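Thanks for making the time this morning; I would like to walk through one model with you, and please hold on to your questions until the end.

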Amino acid sequence: MKKIIVAIDGFSSCGKSTMAKDLAKSVGYAYVDTGAMYRSVTLYCLRNNWIQNGIVAEDKLKDAIPSIRIEFKYNSEKQMNETYLNGENVEKEIRSLTVSNSVSIVSSIGFVRRAMVAQQQAYSVERGVVMDGRDIGTVVFPDAELKIFLTASPEIRAQRRYDELTAKGETVSFDEILENVKQRDYLDQNREESPLRKAEDAIELDNSYMTIAEQKEWLLHHFEERTK
C-alpha cells in the first residue's frame, strides 16, 4: 500500500482535527495540526500585548517570527500530540476563546502564513502525513493525493465549540461563540493571503448531522481508494 499525503481543509469547528487525528492514528501516519501553529503565534502575540483593538503590531511580530518555534510532541498518557511553543506546552491555552477571537487576524498576515507554510511543507519530504487547516490542499500541498473539504452550518459548529469549552470547565456564551464562528468564516474566506477555498479536486463533506464514527468510515473508504 503506497503512502500518500492527506489534506483536510474546511471551516472552523468542523471537526477537521478530530477527523485528521483519528485517521492518522488508524493508518499509522504522522499528524500535523496547522491550526495549532497559527493559534500558537496568536498566543505569542497576546502574551506580548501585540494585539490591540483587533490590530496586530506587525512590525514587532515580523521581527520575532524567525524565533517562534512550534513543535508537536506525543503524550503517551493522553495518547495525543500536544503543541509546544518555544519549548512550552501550550495545548490548553491555545484552545481558549481569547485565542479563537484573534487567530483569524494573525493568520491572515502574509509573512506569518509564509513562515508557517514553510514549516508545514517540511513534512512532505516523505509521504505518510495527515494535515488539516485552511489552505492545505490549495497552498501547502496542492499535489496531495487525497483532499477533503469539510463544512457544517455555523450554528452546529458553534454548538460543538460551546460543548467542547464547557466540558473543559470554561464559562462561555453560545451567542459569543456563534458570532466568533461567523466572523472567522468571513475573515478566512476574504483574506488576501491563502484564503479558505475548496480545491478543485477536493471531496466535499457536510458533516452537520454525521457522527464521528460515520465520518471515520467515510474517510477510511476514500483513503483506501487512494492508497490501493
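What you see is a predicted model, in which local features need pLDDT of at least 70, side-chain atom pairs count only at pLDDT 80 or more, and totals for chains, interfaces and linings use all residues. Residues are numbered from 1 along each chain as its sequence is written, and side-chain values use heavy atoms, with hydrogens and water left out.

Let me start with the sheet. Helices (H or I, at least four residues) and strands (E, at least two) are DSSP runs numbered from the N terminus, and two strands pair if DSSP finds at least two bridges between them. On those terms there is an open sheet of five strands, with parallel pairing and the order 2-8-1-9-10. Its edges are strand 2 (30-33) and strand 10 (203-206), each of which pairs on one side only. From one strand to the next the twist averages 20°, where axes are lines fitted to C-alpha atoms, for helices over the stretch in contact, and angles run from 0 to 180 degrees between N-to-C directions. Strand 1 (residues 5-10) and strand 9 (residues 146-151) run parallel and are joined by five bridges, and Asp9 has Phe149 in strand 9 as its bridge partner.

Now to helix 9, residues 212-227, which lies across strand 1, strand 9 and strand 10 and runs at about 160° to strand 9. Which residues of helix 9 are buried? They are Gln215, Trp218, Leu219, His222, Phe223 and Thr227, where buried means under 20% relative accessible area, exposed over 50%, and partly exposed in between, with a 1.4 Å probe and protein chains only. Seen down the axis of helix 9, these buried residues fall within an arc of 160°, so they line one face of the helix; the arc is that of the directions from the helix axis to the C-beta atoms. On the other side of helix 9, Ala213 and Glu217 are exposed. The buried residues pack against strand 1, helix 1, strand 9 and strand 10, contact meaning heavy atoms within 4.5 Å.

Finally, some single residues. Ser194 sits in the loop between helix 8 (174-190) and strand 10, and Ser194 is buried, at a relative accessible area of 13%. Leaving aside neighbours within four places in sequence, Ser194 is in contact with Arg113, Asp135 and Val139.
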